[in-house]
Each structure stands twice: as structure tokens, then as C-alpha cells.
Amino acid sequence: MEIPEIVKELREEERKGLIKSSYPLTSVRSKNEIARLYYEREIYKFLEELFGIGVIRKGRLVFCNRRLGEIFGYKDVEILYGKDVSQLFPENYKELNDKDRSTLKGKRFDGERILLEVFSFPLNKEERIIICAPCKGDEAVKSLLKCIREINRLIAMGKSTEEISKSACKLLLDTGKYMGCIIAFIEGKEISPLVIEGKYPLSKSWTVTSIEKEFILALVSDAARSGRNVVVIEGEKFTDVLVFVEFKGKVVELLRVLVKKGEKISEEEKKLLLELAKDLWIAKRGEEVKRALEESERLFRILVKSSPVGICIYSLSSNRIVYANPSMCKLMGLDKVESKEIESIMRKTKGKTEIEISLPTGRKKLQISTVPARYGDEDVIIAMVMDLTAEREAQEKYRILFEANPQMVMYVNKKGEVVEVNARCIKRLGYKRAELIGKKFDEIFVQKERAREFLKDMLDGKKMKEAYLDIITREGKRIVGKIHGKCVMIKDGVEGAIISITDVTREKDFEKRIRETEEMFRKLSSSAHDGIVMINDKGEVTFWNKAAERIFGYKEDEILGKLLHETLIPEMYREAYMAGIKRFERTGKGKIVNKTVELVAKRKDGKLIPVELSISSFKLRNKWHAVGIVRDISERKKMEETLKEREEQIRSIVQSTTDAVITIDENGIITFWNNGAKEMFGYSEQEIIGRPVTLLVHEANLLERKSPLETTGRKKSGEEFPIELTVGKWEVRGKTYFTVIMRDVTERKKMEKELKEAHSQMETLLNAAADGIRIVRRDFKVVALNETMAKLAGVKKEEAIGMNCREMFGSPFCGTEDCLMERIIRTGKRIQTRMLRIRADGKTIPCLYVGTPIRDKKGRIIGIVEDFRDISKIEEMEMKLAKAYRKLEKQNEKLKRLNNLQKIFLNITSHELRTPMTAIKGYAQLLSAGMLGNVTDEQKNALDTIRRNIDRLDRLINDILDISRLESGTIGLEPEQCDISEIVKDAVDTMKFAADAKGIEIVLEIDGKMPVLYADKGRLKQVFLNLLSNAIKFSERGKKVIVRLEKERNHIVASVKDFGRGIPKSKQKKIFEPFYQVDRGMDRKYGGLGLGLSITKAIVKAHGGSIEVESEVGKGSTFYVRLPIKASLSRKISIFQ
């Protein structure tokens, strides 16, 4: 990368706040300063991998990196977003705000407690940043932390690389755990030791043997590919720990420590060793600056080649594409980009454009950006091509969702212009789309200034609440809109905003009517003759009308908020009042509640006046309130006149009610009879007045029974029916009268019976359920539950009815905004989740929770059905499975390392065996030819035997080499156009001599002309030679082998059939496994290692084909090879899968 490009890149990152340098980039002059800043950014990437970093706002995490998730055991980092910090540090999280540096106990996802070293400091007024690193009690870990701090101190002092490295080695050896230490730098295949300390079993010069060097370099290569930085090798006497530092895609440093046998290396220790090695590399980084700058151009070429964006260069002089990177070729679906259509587009395209084009990979939407440049001595156009097919499809899906939104939605750019609106917006406002597009956002609303301020604040990134603005539709209708908005951000800043508008005209009208009703109530209360006084549960006056002001002398602003007993209650009643108000606060009941009484009250001037007080209670926002109607009874006469008028009013009301209202004297004689009684019993007023009430009701001592009372009434016709009656007693001029209100409850009784039957059925169903189920009203009272629920909550079923749901199996979220029942009532949606529930005895149980709202006929939520399933055993099983999975992962890594060593061993052994075999075979041929002296016939026969066995051993070695090459990927296919018929004929001719020697006839059948294949001719011949060799080997003398070729749809099917001993069905799938033999005794007679069919299957599979066998013991076997005519060749062949 050139220096100007580095400066440009660093300035951009500094502007975005991604890096902070000690000098502003505008003052940078020298190349060394630029390079230092560039490497500071690279070093930051190392440190970000070691420490958990998070940002806290209002006690919750609003940002965290991947490392913080690993420390607390969360695989998905997004789960931590929004999490309360007290859940991560439950014991001492408050110290995060009190101390800059502290050692705290953290709680992992699996419940494990870990010790963390935490740095905390404020970012701004609302946010703090925390940096966490594990701090276990292991002495080796503590020593490593001490070593790292010392190395950082030495780096800050400007010490040399060698001094710093020697100090690191000495500190490591001082721990007593590490016996030896080597620090070496790696460049390509060269390993240069810098410091060697301790009892290492190597000389001070560290003369690395070639095998050890190759082994270390192999581990380096493996670490670079797999991303592993620490390798632990268990030895007989010592344990070797190799730590690799990777920089810009290369392993550049090796820290090698020797540990006593039996000492364990923890994961935390590995991470700290890696951190130490990185610090040592940081100390040396200045020596690499010059080399890194020299390699910048080569890295840029690699970047272009590996770029996911298609890049090509078009020559204006030769009118052709002179270069295309792999992404361009892959995008076009060609090995080389030579499309005439693309070249035509390149000539016409200027700047950036989008096109739709048909390619071999399908129909694509492409974005082409072109820039004129010089390439060598030619004028060229450099084009970058991006596939926008998926993006445009996503945009179409977004457009569909945008249009289908039931709310009015519009997109406004940062200039305040409407860019897009959905169909609902057009329909509700009455404008055409073209009329709204380009319109200023504030022009839509009546309150234009407020609309402009709302949009400006939102685009400035302020946290916005909804706003209510008036809109005039095209038809002139005025509607009220509730406005929500969300700012749209891109890399360069704010792009615009998405505005959602909800029509709340009806809701606002309803609120207006409520305000009008409240105003009407105030006016009515102000004009009332009686004093109206309202108090809360503490006895404080909350309402005071004009009549109360006239009666007691207090003005409204003097009395509101004052305690009643300090203002109106005389001293003689205060003790009784204080006892009554405490009871009222708890229950809403009292001696004079819902009664009319005569009392003495105190005026502002201290004068006591007689008043008549009627008190009723009601609940508001879950607290009791009382309203009292106060009347000054000093003017009794006026009140009596008013009473007569009221009596007439009451009579009118009583006559119009459908209930039967009658009045009887103390002897039980009826004195009053309303129209409702006439309709209910069938008697007219003339027929019943003066007659005993026992004519209607056969209830003994009716006037002495408590109300309300259910009994049986009797009509004039003699028909009896159920009634509910209430008896009220009153006196006039010393005489006692009783008012009896009776209601026909025939229909209600019928409904109660049906409800009881339904309740019984429901209770049976609930008790039959395996899960705990309960039904809760809107006021959070439990109204029903099954036996399982009672057992799960640890309560008796009878006691649970009427309990608050929080008291019976509650959760930590009860009474908060996160309460699930509150969310269900608020959203009306069903909720399913996992959570902890608290039993009556305080024990917590993990449950699978499902909450479903219950609605009445009008759709209103009246309660919730809750389903609880105890998942304690499931969670225990999940934890066991997680532990087992981690154990299997470790075992899998160990098997992979063994597999790699096996491949290396096979490769080396096969090559080492073949070298002496070549020499033996050559000398045997020289001896047999008599070139080293005369040999007898007996000696010549012996030499022929040697040559045959050498050839046999040579074939076995070839098979082993093939397996080694195929599995390691060092051998590939060399495809070309070939005739499958010629390949099969060639294989038959090759095996004819071996078949004639056993008297076996090979019959070749070709079904017509075969199509041309694109395949590796040599490897396909090897397939048929292996199959023919097996067929001849296991066929008896005089038998026949049939080879057949035929076309089957898009495949060529080749079959080799013999009439030999056959293969048992149970072993037919295993014969393609390496080194497998059906009958080792019989197979040993014919020789071989059991590798031929394994290699055959691997070659066929690499050609996109398949191989199968059909066999019957005693009748022979047939092998079928299916090859696709249009083959998809694999670059790597594996037979151990």
C-alpha cells in the first residue's frame, strides 16, 4: 500500500473515531510516523481479542465485543445486549461505578463464578466503558500477568528487543512451572532463535535437526490454516508448549516453553502466553516497517485477486478484456471473461450504471462502475462489477412489506422531502402518489412549525416520543395523526427517516368527550347545593365544591391536600376517625361507609354545625377513595320541602323500574305497590293494598332476615318462581315501615345451573392436564387451577383460589414493566418463553411458560390462561449434553492430529520402500540377463521368482502411494476429451494375457456408439484394470468375464461381471473400505492389501460418478460404474470418508 493511501485510510478511520493517535494525522510528515500509526491499528486488533470490552448505559449493556461473550459463556453475543449488569456481577456490581480498577466475581451463563480484573471509566455523562480479563487464583496465571505488565513497562521505556525477551524468559522461569524457554522469529522456512534459557534439552545455539524443523514448520502451517495459535505436545518426560504469533496472515514468531511432566496448561494460561508472545512481537515491530511498506504493492495485488467484487481491465487500443480476477470469472460463469456482450457494455458504460443481463449462471442484475486509467503503456478502463440480484430481490420484498403496512408510512430524505409513501397513506389522505412525492413533509400538517421541529430533532439523532399533529386530507377532512419516526443511518451519516402515522381521530374525540364530561361534572358539582368532598386513602382532601366552601368557609385552594381530621373533624370524633381511616385504607370499609349519618362538623371559624353526611367508597388506581355528600341541616324545613320533591321523584323512578317494589308496615300489611310488582305477581294495586305480604312470599320472619335474600314467590295464578329480595327499614313520624325490592331470578338460576355444569367440566379437563394450568383475572387474582399447578407451586388448591398470582408461583419480573401478564394484557398476544418461577417455599423452578389471553364476546381481555411445564430435568440434560459435546470436540481434535501424522508416515514410508526396491529389481534384471556373469537355469528361475515378487511388491507400494497422494490432495485429475469405448478396449487387451493364462474368456459388449467424455483417461483405465484384475483373480479356470458398455439417460454405465465365488451380502458395503478383505485366508492366497476397490471408488466419485455391486455367493459378482456424460470433476479425492 502506498504512503498516500495509508494516510487517506488512517485519516478516514480517525474521523470516524476508530483509532486515536498521539499526533493528529494532519501534522504527520515522515513515513516512519505514518507506518507507526498503521501498525498501532494492527496491534489494537491483537488486544481486542484478549480483553472483554463493554459499554454500560443506565445499568445495562448497550455494546460488547465477542471476547466479553466468551468470558461469560455466551455463544451468541447479541444475547448480552440490554442485559442488566447486576446479573453479570450479582455480588459487587456497584463497585463498577466506585472504582476505576477492581477485582470482581462474575457469573457465567452456566452459573459458574469467575474472578475478573475489571477496569472501568466514564465515556460521557451517561455511559461507562468496562474492560474485563479473567484473573484466576492459579499461580502460573498470576505470574504471567505480572510478566506481561513488566514487558509492557520495558516496551514503554524503549528497551531493546533482546533485553525485553531475556527479561520475559527470566520471569517465566521464576514461576517454577516452566523449565525452559525459547523465543525465535520465523521468516519463511527459516527459524532464528533470539533467546534460549533454562534446562532445555537443546544446545544454546539451538541446532535444529531437519526433522524437527520440518515438524515445527508443519505445525506453523497448520496453525496458519486452522487459526490455532497454541499447540501442546505431551512428551515422555516433558510437555512442549508452542505459541505462534500471526501477523498479516503469516506466522512471524515462536514462543516455545518446556513444562514439567504432569503439569496442566489451562486455557487461561494459553491465552496469557499468547498475549505475552504478541507483546514481544510488538517490541520488534519497528524492524518490520520497512519490509511491510515494500510488500504493500504485492499485498494490493493479492487483495484484488481475493476481492469478492468482480474486477476487470478493458483495453481501449485492442478493444478486449486484458485482465479479470477470479470473482469476475465466477460471476460470469466462465473460465475466462470473453463475452462480446460484456465488452460492448464496457465500451458504452461511463461512471456507474446498472444492467440486467443473461449469463451462464442465470439472469443477473449487475452494477458496473468504470474508471479510466493507464495499464502499462495502454489506455484502459478499470471496471468493478457487483451482483445486485439478491439486493434487488430484498428491495422488492421490502417494498411489498412497505405497501402492506396497515399504518400510513412515508420515507422522508434529510432535506425534508417525501421520497416514498405506501398505499394506506395514499388512500387515507386522498392524494395521488405523484402529488405526495417531492412534497415537503411539514406541508402535509396543519402545525407546520411543530412538524419541522419533529423532523429536525429526529434527523439530529435525538430520542423522540410520538407527536400528535393535525392533517387536512385532499377532501378537506381534518384527522389527527400520531407520528412515530426512526432515523435511517448509512456509513456517511443520516440518510433520512421512516415516518409512521396512525389515525387517532376517534381516540382524540373520545378523550375530548371525557374532558367535556369532567368539565360538566365540575360545573354540576359547583352548582350543587350539597357540599361534595372527596378524600384519598390517607384522609387528604382531593375535591371540594362551591357548596362545601359555603358550608365550611374554606376555599378550594386552602383545603385541597389538607388532612380531614385537622380541618373538619371536631376533637371529640378524632380518635374514632383515625381508627376508621386506617381500616378504610386497607379494605375500603368503615362504620359509616355507604351510609347516611348525622354528625357535627367544624367550620373554618371554629363553629360546630350539624350536618347530614352520606359516604360511599370506590377504588381508583388500586387505592381506596371516599366521596361524601354533606348537607347543612340547620335549615330543616327547607330540607323537608326538598325531601317531598325527592320523594315524588323516587316514586316516579320506582314506578318505572322493572323490579317489584312494595312497602309494608310493621304488621306486614302492604301499603305501596308499583307497576313492576303488578307485572311480576299479576295483582293490581286495588287488589293487593291492605293485604298481608304472606300472600306473595311464604318466608317466615321475613322482616327479621338479613338482606339480600333468595326465596320463592307466588303469583296470582298460583305459579311459584324464584325471587331475590332486599328489605330496607325506615321510620316516619315514629312509625316503622319496610321497603321490599323483589327481582325475578328465574333466568339467572337457569344460567347459574348451566355455569356450574360448565365449571365442573372445565375443572375435570384442567385436572386431566399434565402441565400446571391456572386462570388469572385482569386484577391478577387466581380464579381456577388444576392439581398439577397446586403441586408445582407448593400450595393447597383451596387456598390458591383468590390469591394474587405473584404470591402463588410468581417471577422476579412481577410488578415491573417486564411482567409477562402485563405484556399479554397490553399487547393481546400469546407469549411462550422459558423463565424461573418462585414457589411458596422460596424454591425456584425453571419452567416453559405459555400465556394466552381470554376475551369476552366484545373482544376485551378479561383474564389469562397460564400453562407451566417443569423443565428442571430437561435443563440438567442440556447441561450434560453440553459437557459431553465439549469432551467430544477435544477428542475430535486429538484424532485429527493422529490422522495427519498417519498421512505423513504413509507418504514417507512408501517413498523410502520404493527406493531400495528399484535397486533390487535392477540388479535382478542384470543378473538374469547374464550381464554380471553366467547364471544356471536354477539360478535364473530363482531370479524370475524374485522379479515377480518385486513386481507384486511394486504394485502394492503404488497402491499405498496412490492412497497417500489421493488423501493428501497432492494428486489431481488431468481431464481431456476421450472415448470410453477405447479406454475399455485398451484395458481388456492389457488383461487378455492374464485371462488366457487361466483359460478365462473376456467378452466385450458395447451398445452402440458411446458419447465423448471429459475425463482423466489414465485414471479411468486404472478403474477398469482393477475391476478386470479382480474378476480374473477370483474366477475359476474356464469361466467367462463379461464387460458391457451402454448409455442410460445422462450417464454411461459400464459393468464387469464374473462367475466366481461371489460376495456375502453383509460384506458388500465394506469391500470399498481401505485394507478390507472379504476372506483374509482366501484373499491371502491371491495376494493384495485390499486397496484396489477403495482407489477405484475414489476415482469414480471424483468424476461425479458412482460404483455399485450385485453379488450372490457361489454365482459371481457384477460391478456397475455410472459416469455422468457432463462430469463435474473434483480437484481432491478422499477415500477415508
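Is Asp-841 buried or exposed? Asp-841 counts as exposed, at 54% relative accessibility. The model is a predicted one, and the values given here are computed from it.

**Salt bridges**

Asp-841 forms a salt bridge with Arg-839, the closest N and O atoms lying 3.3 Å apart. Arg-839, at 19% relative accessibility, counts as buried, because the limit for a buried residue is under 20%. In the whole structure, 34 salt bridges are found. Three of them are set out in the table, with the closest N to O distance.

| Asp-470 | Arg-478 | 2.9 Å |

Through salt bridges that share partners, Glu-710, Glu-724, Arg-748 and Lys-749 are joined into one network.

**Aromatic contacts**

The count of aromatic pairs comes to ten. In one of them, the rings of Trp-673 and Phe-681 have centres 6.0 Å apart and planes at 50°, so the pair is classed as tilted. Trp-673 is buried, with a relative accessible area of 2%, and Phe-681 is buried with a value of 2%. Together with Phe-721, these residues form one aromatic cluster.

The ring of Phe-721 also lies under a charge: the charged end of Lys-715 sits over this ring, 5.2 Å from its centre. In another such contact, the charged end of Lys-439 sits over the ring of Tyr-431, 5.6 Å from the ring centre.

**A five-stranded sheet**

Five strands form an open sheet in the order β32-β31-β35-β34-β33, with antiparallel pairing. Strands β32 (782-785) and β33 (831-838) stand at the edges; each has a single partner strand, so one side of each is left without a neighbour in the sheet. On average, neighbouring strands of this sheet are turned by 30° against each other, direction ignored.

Within the sheet, β34 (residues 844-855) and β35 (residues 861-870) pair in the antiparallel sense over nine bridges. The bridge partner of Tyr-849 in β35 is Phe-868.

How values were computed
Residues are numbered from 1 along each chain as its sequence is written. This is a predicted model: local features need pLDDT of at least 70, side-chain atom pairs count only at pLDDT 80 or more; totals for chains, interfaces and linings use all residues. Side-chain values use heavy atoms; hydrogens and water are left out. Two strands pair if DSSP finds at least two bridges between them. Helices (H or I, at least four residues) and strands (E, at least two) are DSSP runs, numbered from the N terminus. Axes are lines fitted to C-alpha atoms, for helices over the stretch in contact, and angles run from 0 to 180 degrees between N-to-C directions. Rings of Phe, Tyr and Trp (its six-membered ring) pair if their centres lie within 6.5 Å; planes under 30 degrees apart count as stacked, over 60 as edge-to-face and the rest as tilted. Buried means under 20% relative accessible area, exposed over 50%, partly exposed in between (1.4 Å probe, protein chains only). A charge sits over a ring if NZ of Lys or CZ of Arg is within 6 Å of the ring centre and within 35 degrees of the ring normal. A salt bridge is a side-chain nitrogen of Lys or Arg within 4 Å of a carboxyl oxygen of Asp or Glu.
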